Amino acid sequence: MNHNYFQLRPEEEMEYLPIIPLNDNEEGNTNEEIPEELPLLPLRNTVLFPGVVIPITVGREKSIRAVNEAYKKDKLAGVVSQKDSSIEEPAAKDLELVGTIAKIIKLIKMPDGGITVIIQGKQRFEVEKITGEEPYFKAKVKALQEETILNDPDFDAMVSSIKDLSGQIIQISPNLPSEANIILKNIENPSFLIHFVSSNLNSSLNEKQKLLEINGLKKRAEVLLGLLQTELQYAELKNKVTSKTRAELDKQQKDYFLQQQLKAIKEELGGDNIEEIKEMQKKAEAKKWPQAAKDAFDKGIEKLERMHPSTPDYSVIYNYLDLLLDLPWNEVTEDHYDLKKAKAILDRDNYGMQKIKKRLIEYLAVLKLKGDMKSPILCFVGPPGIGKTSLGKSIASAIGRKYARISLGGMHDESEIRGHRKTYIGAMPGRIIQSLRKVKSSNPVMILDEIDKVGTDFRGDPSSALLEVLDPEQNNNFYDNYVEVEYDLSKVLFIATANSLQSIQPALRDRLEIIDLNGYATEEKIEIAKRHLIPKQKEAHGLTKTSFKIPDKVLTKIIQDYTRESGVRELERMLASIMRAQAKEFIDRGKLKPTVTSKDVEKFLGKPRYSNEIYKTVNLPGVAVGLAYTYVGGDILFIECSVSDNGKGDLKLTGNLGNVMKESAITALSYLQANAKKFGIDPETFTKKNFHIHVPEGATPKDGPSAGITMMTALASALTGRKVKPYLAMTGEITLRGQVLPVGGIKEKILAAKRSGIREVIMCEENKKDIEEITAEFIKGLNVTYVKNMHQVLDLALS
């Protein structure tokens, strides 16, 4: 049904809304004579039915002239509809041929020149001929008579159905007034009821025109009934959709109202977090992260929106969400697969270390072929000061990754690795997550420095927490207690550094790919000094513009006389002392000598700290020189033995020796006792005399089996009175059968011997392969003799 009741409409608009006549029985029974020619009034978007009264606003010139002419005469005009409502100035062919004769009831002239008229439909007519188009349309018309239907039950039923359906439509249409239903019930004339409902029908112009053109009131009622059924179904569907939409809108309006109230309350309390929450949500929309992380963020945001910024938990949740946004979940840097360039960078930054460089180039080659692989867990083991940590930074530069370093030395708390739970005050994520947040990449090179110095106490065992981090099969789901979302660490290239493997627990050591780094020979230290240390110290002391040189001979003196180390840290300190002296010299005199001499070194650094003369002064029976491997690299070890009379064959051991070293001394004594006659020793000596073995530097703990042949040599020297050859050192483990077994740390021990001025070394024949790995230039002038048993050792060692 048409939903705008009794509303004034201009002729140009879609719908005209009828006014109920005071006497509906007048329809079709006018006593006025219908003239053969009538002025035509074209209407857009509506159809006038007999008996129906509508107000229209006339605006077109032709229409105004037609209305004025009709009003002056008999007040009758032929109202027809346009075939196309979009035409502003219709021609005769654009008008329908069936219309309604209308009587102008009232004419009102408007201030803008337009006219408003109230017209009532009287009778249908048919246009026989258009007799004129100017100054308005005129037509010869033929009135169409309506049939009178009496005592037809079918027709009466249709009229009743029309009335019922119309009433239902009015009831379910919220925009129709309830008074319309009362009006329908009071209409008694069936013909007027049909025309009134047809005029109010919410159908197309074409359908209304077809209704008007139908001859026969019963047929017209039948078609109208079908249209009403369709409109009722549409109205019911529309009402259902509207009710559902209204319910949703009511909820939205309620939520909006409550949100506005909440906002006002927050502002009154003195805090508003809406802007910062919106900013976080904006960042989250652009973030590429796993679904689990997104769900955790959304959950946190919901909590944050319900909190006031001044509450304690607000900052906890805010910091947590800020961490989730900062973490580089799926952000990685692109690796550089240029192997030649990577090798050039490694060679530029680090001298030597060919084994490590070879391993890294192999890793890059596989990565280039496969495109993706689980990163290996490398562990560089070697003495301090040889560049393990700086090598990690060089590796990151070579393959184009970010660099992160975590110092594990002295770490006691497991939470440093896995993070603290958010329930604790001051909780924060573990060091690994913090480092990833800092470098903003999920595939950095991460150095785990001093992994052998991780502590253990009541707060937990960090080395056990590292088991998950350093296992390629597990670390793709690393769980940090603070983040509470699994994080993929499989793309991180972990590199651990250690001075010794002894203090690393076996399970952790099993996960590491061990790469041994040995100390530097004198020749290597000279090259490192020239390439790296001297330029670095010159820059640090403001001497870059000066051009003095330190010759190789002078560097050799500094290395041999002022340092005893596997690395180059002490050498760097010595060079720093020389640079300070040179800086003072330059300030005092304004110039420097072109070359630093050996005398200058003694002037700057003082007298030599170490000397090879010690071997001349200790060349007594019962003293042998051994080679040891400590966490700071290789070193020489003096072993002294004395035999005292009036004893009972007791053995005393001093020098802060470990259990393994003590057992080596007992084994050596037992072997000599069992083979006394072979070596020219009186067997009764072992029951009448006491033996004392001492290793100097008693404050330093010493342990290991490699001093076995040295102890036996010292005992044999003391018992036989034969001196050990000068400048001779040895290393190897012994058995009760007199066999010499191989030991480790050979390169470090050999370099220590070379640094200390040793000229000859005795070791197990099975260690020959280790000597062959050392560059020949580094051990030039050092004679290495290989043995299988103690007979050979004593024949070579004792003079």
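This is a predicted model: local features need pLDDT of at least 70, side-chain atom pairs count only at pLDDT 80 or more; totals for chains, interfaces and linings use all residues.
Residues are numbered from 1 along each chain as its sequence is written, and side-chain values use heavy atoms, with hydrogens and water left out.

**Helix H14**

Helix H14 spans residues 431-439 and includes serine 435; helices (H or I, at least four residues) and strands (E, at least two) are DSSP runs, numbered from the N terminus. Serine 435 is buried, at a relative accessible area of 11%; buried means under 20%, exposed over 50%, and partly exposed in between, with a 1.4 Å probe and protein chains only. Leaving aside residues up to four places away in sequence, serine 435 touches Ala404, Ile406 and Met446, where contact means heavy atoms within 4.5 Å.

The buried residues of H14 are Ile432, Ile433, Ser435, Leu436 and Val439. They line one face of the helix, because seen down the axis of H14 they fall within an arc of 160°, the arc being that of the directions from the helix axis to the C-beta atoms. The cover over these buried residues includes helices H9 (312-326), H13 (415-418) and H15 (462-469), together with strands S9 (403-407) and S10 (445-449). Lysine 440 follows H14 and has a positive phi, near 55°.

**Two helix pairs**

Two packed helices are described by the angle between their axes and the distance between the axes. Axes are lines fitted to C-alpha atoms, for helices over the stretch in contact, and angles run from 0 to 180 degrees between N-to-C directions.

| Helices | Axes come within | Crossing angle |
|---|---|---|
| H10 (residues 339-349) and H12 (residues 388-399) | 8 Å | roughly 155° |
| H19 (residues 569-589) and H20 (residues 598-605) | 10 Å | roughly 95° |

H10 and H12 are therefore roughly antiparallel to each other, and H19 and H20 are therefore roughly perpendicular; angles under 35 degrees count as roughly parallel, over 145 as roughly antiparallel, 65 to 115 as roughly perpendicular and the rest as oblique.

In the pair of H10 with H12, Ala342, Ile345, Leu346, Arg348 and Asp349 of H10 meet Ser394, Ile395, Ser397 and Ala398 of H12. The residues of this contact comprise 5 nonpolar, 2 polar and 2 charged; Ala, Val, Leu, Ile, Met, Phe, Trp, Tyr, Cys and Pro count as nonpolar, Asp, Glu, Lys and Arg as charged, and the others, Gly among them, as polar.

Between H19 and H20, the contact joins Met574, Ser577, Ile578, Ala581, Gln582 and Glu585 of H19 to Val601, Lys603, Phe604 and Leu605 of H20. The residues of the contact of H19 with H20 divide into 6 nonpolar, 2 polar and 2 charged.
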